[in-house]
Amino acid sequence: MSDHSGPSTRSVHLTEEVDAATRSIVPPIAANSAFAYPDVDTWRDVALGREPGHIYARNSNPTTDRLEAKVAALEGAPAGTSFTTGMAAISSTLLALLSPGDRAVSVKDAYGGSYLLFTDILPRFGIDCVVCDTEDDAVEAAVAERCDLLYLESPTNPTVKVLDLARLSNAARQVGATVVVDNTFATPINQNPLALGADLVVHSATKFLGGHGDVLGGVVVGSDELVERVYRFREIVGTGLDAHAAALLLRSLKTLGLRIERQNASALAIATWLESHEAVSAVHYPGLASHPRHDVAASQMRGFGGVLAFELGTGFEGVRAVLPRLRYAYLAANLGQVETIAGPPATTSHVELTDQERVEAGIPEGLIRYSVGIEDVDDLIADLEAALGGA
């Protein structure tokens, strides 16, 4: 396939080929646990990496290999490895790359599970963690002081803030730090952090890559050397993705471009409409000219994503009143699905945090995260109008 193929063409065709044995267009799932060899010498050569092949499905599998190669190619990376969940991907990456005495820098507006890794779990292992304001200047200053690993999200979950990935990757490079970017919200259709200077990209494949709410998974892509380090850690702790889950994700990736195109357009239309509603005190979406980092988003993104957030002037009581009145939005702890999903951080992205910790992280209690599905946008706007009418 041409390197110049479009993202939807690549999503459909990368790593896909007609099965030689059955002529099936959809490759069969390699559901087995172990792989057999005719003799010990061949077996040993594969086990030691001298010959291609598979030994045990915890280590590798033909189906998961195809998924990893496809996501890596979509992100412009030479290598990738997959995990049972997005958090398994994130935590395994950080634990594989950080050692006691290292200094890691992240931002307050990261997903709640990631935030807790930096504020609670990693410090237990003697890793110095700095969680700074989600602003380029603050991150750059923290990196310049000392940094071994910089972990970023852009757009962030759930406040949809935007960071200048090229600027911050360059700052990290000046001090020899590794840059890891969670690209879940943007997807490789809208943004490629490696092209902006990042070293590794992580995805909760459960979200937009899967897109149908029926599978959990995570993927990490980047250079051969860094991915190998993460893979070796994953191999031993046993957080590798199951072949059936990989097959579901491969199926979903074929429609990724179509879904993201629809969700980009609908999210922008909805965000624009919400800006003029009297019950809404603020709208957070990087596609809006009013977004404080719209110019940065426009410079590093091809589309602005399917997630927006908006605040109600009536606070959490308003959230409680409005959400149950939505007809076309499920109240659930997920995003990126073909169905619209809405909820407050207190029950979704930051459910593990206390009320006070959410305040300290800068998460408003009156915020609603709204993940736009593929429904007709006019129906979604009418649904929001009916729900907000009594706010």
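Q: How many nonpolar, polar and charged residues are in the lining of the largest pocket?
A: The lining of the largest pocket has 11 nonpolar, 7 polar and 8 charged residues. Ala, Val, Leu, Ile, Met, Phe, Trp, Tyr, Cys and Pro count as nonpolar, Asp, Glu, Lys and Arg as charged, and the others, Gly among them, as polar. A pocket is an open set of points on a 1 Å grid over the protein atoms alone where a 1.4 Å probe fits, with protein on both sides within 12 Å along at least five of seven lines, and lining residues have an atom within 4 Å of a point.

Q: What sort of model is this?
A: This is a predicted model, where local features need pLDDT of at least 70 and side-chain atom pairs count only at pLDDT 80 or more, while totals for chains, interfaces and linings use all residues. Residues are numbered from 1 along each chain as its sequence is written, and side-chain values use heavy atoms, with hydrogens and water left out.

Q: Back to the pocket: which residues lie nearest its centre?
A: Gly-53, Asn-59, Ser-60, Tyr-231 and Arg-232 do, out of 26 lining residues. Two or more lining residues come from each of helix H2 (40-47), helix H3 (62-74), strand S1 (79-83) and helix H9 (224-237). Helices (H or I, at least four residues) and strands (E, at least two) are DSSP runs, numbered from the N terminus.

Q: And where does the largest share come from?
A: From H9, which gives 7 residues to the lining of the largest pocket.

Q: New topic: at what angle do H3 and H10 cross?
A: At roughly 40°, and the axes of H3 and H10 (residues 243-253) come within 8 Å. Axes are lines fitted to C-alpha atoms, for helices over the stretch in contact, with angles from 0 to 180 degrees between N-to-C directions.

Q: Which residues make that contact?
A: From H3, they are Thr-63, Thr-64, Arg-66, Leu-67, Lys-70, Val-71 and Leu-74, and from H10, Ala-243, Ala-246, Ala-247, Leu-249, Leu-250 and Leu-253. Contact means heavy atoms within 4.5 Å. By class, there are 9 nonpolar, 2 polar and 2 charged residues where H3 meets H10.

Q: How far apart are the axes of H4 and H5?
A: They are 10 Å apart, and H4 (residues 86-97) packs against H5 (residues 112-121) at about 25°. H4 and H5 are therefore roughly parallel to each other, a label for angles under 35 degrees. H4 brings Met-87, Ile-90, Ser-91 and Leu-94 to the contact, and H5 brings Gly-113, Ser-114, Leu-117 and Phe-118. That contact of H4 with H5 has 5 nonpolar, 3 polar and no charged residues.

Q: What about H6 and H7?
A: The axes of H6 (residues 136-145) and H7 (residues 165-174) come within 9 Å and cross at roughly 10°, so H6 and H7 are also roughly parallel to each other. On H6, the contact uses Asp-136, Asp-137, Val-139, Glu-140 and Val-143, while H7 supplies Arg-167, Leu-168, Ala-171 and Ala-172.

Q: Which peptide bonds are cis?
A: Ser-154 to Pro-155 is cis, with omega near -5°, and a cis bond joins Asn-157 and Pro-158, with omega about 15°. Pro-155 is in the loop between strand S4 (149-153) and H7, and Pro-158 lies in the loop between S4 and H7 too.

Q: What is the phi of Thr-15?
A: Thr-15 has a positive phi of about 65° although it is not a glycine. Thr-15 is in the loop between helix H1 (7-13) and H2. Most residues other than glycine have a negative phi, and most peptide bonds are trans.

Methods. Parallel < 35°, antiparallel > 145°, perpendicular 65-115°, else oblique.
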